[in-house]
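Colleague: I have just opened this one and would like a guided tour. Could you take me through it?

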Amino acid sequence: MLRFILHRLLLIVPTFIGITLVAFVFIRLLPGDPVLLMAGERAVSPERHAELMAQFGFDQPLWRQYVEYTGGLLHGDFGYSFSSKRPVLSEFMARFPATLELAFCAMLLATVLGIAAGILAALRRGSWVDQLTMGTALVGYSMPIFWWALLLIILFSTNLGWTPVSGRISLTQFFPTVTGFMLIDSLLAGKPAAFWSAVQHLILPTIVLATIPLAVVARQTRSAMLEVLGELYVTTARSKGLAPRRIIWLHALRNALIPVVTTIGLQVSVLMGGAILTETIFSWPGIGKWMIDSISRRDYQVVQGGLLLIAAMVMLVNLTVDILYGLINPRVRYR
Amino acid sequence: MALLEVRNLSVSFETAAGRFFAVQGIDLSVDRGEVLAIVGESGSGKSVAMLAVMGLLPPTATVTADALRFEGRDLLAMSARERRGMSGSEMAMIFQEPVASLNPCFTVGFQIEETLERHTDLDRAARRARAVELLAAVGIPEPEERLRSFPHQMSGGQCQRVMIAIATACNPKLLIADEPTTALDVTIQKQILDLLLRLQAEHGMGLVLITHDMGVVAETADRVIVQYNGRKMEDTDVLSLFERPQNPYTRALLSALPENARGGRLPTVSDFAPGGAA
């Protein structure tokens, strides 16, 4: 198992080099002069322009800029935001817990509900339960996420007034930041009202962000479960006189989870894209909204660094999924 | 009283093209300590009939019988829970594909001990000890170590031995072996058959051996049932089958054996009178 993990860790190195290259080159392929974009509508004299280009190193040849950039990365230097003048890494760390909290809640909802719905649909194959579940999943998967978010806001926030329209917590709630996760920090501070406010703010973004992964997980679980239930070892389990509950939840689900875990891992990367939309719609102060704002400000260092950090997160999740995959599938573990 | 008594057993499936009968009006009985072979070509309903006895058919199957009794107890009148209590303990079954029969996600030890946990009061340590004993009894070397193996780390023959260990864990009175050697190498086939017969003799089990291998029938069975197209063609002791086959289909089946072939071409069942067979 240790060798398996080490092998996966080593694979991260070339992947990461590839990502730095892509992030670096793609930003520079975008049309526009970074200094002019920074200056906005103010006029910049040619002398000042050249000076600024030199200051940011844009006058150097591309390969040299890349070497210096990656050299900085190796020392943990992700560069500075042009607009806030703060290090990219500290900006990222300040916003990351918000995204993580939302993504975690969404993934939890999608996984638990998706697996349960998939199993139910598989066990009642062809019944109205199956058709309703899978029909709903198809609608959920096909729906534009921003439209779905607006519908929910109109119904629950505007008309019914049950949930707040946007933000992460009510502005009247204050408590010290310990972990950066509102749900945990509010409880640590012993403020149930703040906790409840955080929960209310989380509900709609969580539902919106979870919708697509939920649909995918439900459909994948159903098909994996149907396949596994037809396997001979399920017949063996029945011939041993085991209770149906044990056969479904232990013998069948354990095998069905192998493809489902892979799907969940892939959905986490999709979730990052979904988070950008969801965070923008709900004004959620996470990295998705931060990236969008930075792109519109042409804050190249932030976009570049943010992209790398998001990629690093996705790789970390993929590594976790690989390890998890090895844990539930003995055929991978012992080759 | 016979150990297993089956009268007029029929199994049908609802299909898009209408009702399909896989088994039609089969009668059979198995006594304690008896080896009954059921032979017939693929699709003749041998496995389906035995799956019906075990209660392992999917809900889409309709099972009817005038009698389906195990030690005089009416299996059709039992609740699903009562039947589960018997399966794996009083009657057990092993299948054609030993590797696919074992769950790839669990160790062999877990899968053996699970049956013991379900049907006995043994504690964890006693179950482990019994599992070691069972693996040794089916001829797996280093049983303590092998308990920790996963099915994919074993050969087909070893997996079938494990399946036999699981099936015999609770000393069943009836063991149904559905083509237990078909997927195995010839040398392993012989070993597995010998193992089944040894365990059958040691425990006085009734053994139902589903096969299409006449060689296996001749070597192992006390009595033989020949089945074709869901119906029983012949029910006789093994000597009479080979010396005086009564049914035209049985004669056709025996003539189709390569060793009985005369001339250049191997005869097939369709070479014989169609009226007698179907």
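Modeller: Let us start with a helix pair: helix 11 (residues 244–281) of chain A and helix 12 (residues 287–296) of chain A pack at an angle of about 85°, with axes 7 Å apart. Helices here are DSSP runs of H or I with at least four residues, strands are E runs of at least two, and both are numbered from the N terminus. The axes are lines fitted to C-alpha atoms, for helices over the stretch in contact, and angles run from 0 to 180 degrees between N-to-C directions.

Colleague: What does that make helix 11 of chain A relative to helix 12 of chain A?

Modeller: Helix 11 of chain A is therefore roughly perpendicular to helix 12 of chain A, a label given to angles of 65 to 115 degrees.

Colleague: Which residues make the contact?

Modeller: Helix 11 of chain A contributes A275(A), I276(A), T278(A), E279(A) and T280(A), while helix 12 of chain A contributes G288(A), K289(A), M291(A) and I292(A); contact means that C-beta atoms, placed from the backbone, lie within 7 Å.

Colleague: Before going on, what should I know about the model and its numbering?

Modeller: It is a predicted model, in which local features need pLDDT of at least 70 and side-chain atom pairs count only at pLDDT 80 or more, whereas totals for chains, interfaces and linings use all residues. Residues are numbered from 1 along each chain as its sequence is written, and chains are lettered from A and ligands numbered from 1 in the order in which they are written.

Colleague: Okay, how many helices and strands are in chain A?

Modeller: Chain A has 14 helices and 0 strands, and its C-alpha trace spans about 85 × 55 × 40 Å along the principal axes.

Colleague: Which domains is chain A divided into?

Modeller: Chain A is divided into domain 1 (34–77) and domain 2 (89–328), with bounds from an automatic or database domain assignment. The C-alpha centres of these two domains of chain A lie 39 Å apart.

Colleague: Switching topic, how many residues of chain B are in contact with chain A?

Modeller: On the chain B side there are 25 residues, in contact with 18 residues of chain A. Helix 4 of chain B gives the most to that side, with 4 residues.

Colleague: And what does A37(B) touch?

Modeller: Leaving out residues up to four places away in sequence, A37(B) touches L209(B), T211(B), V217(B), T220(B), A221(B) and V224(B).

Terms used
Parallel < 35°, antiparallel > 145°, perpendicular 65-115°, else oblique. Contact = placed C-beta atoms within 7 Å.
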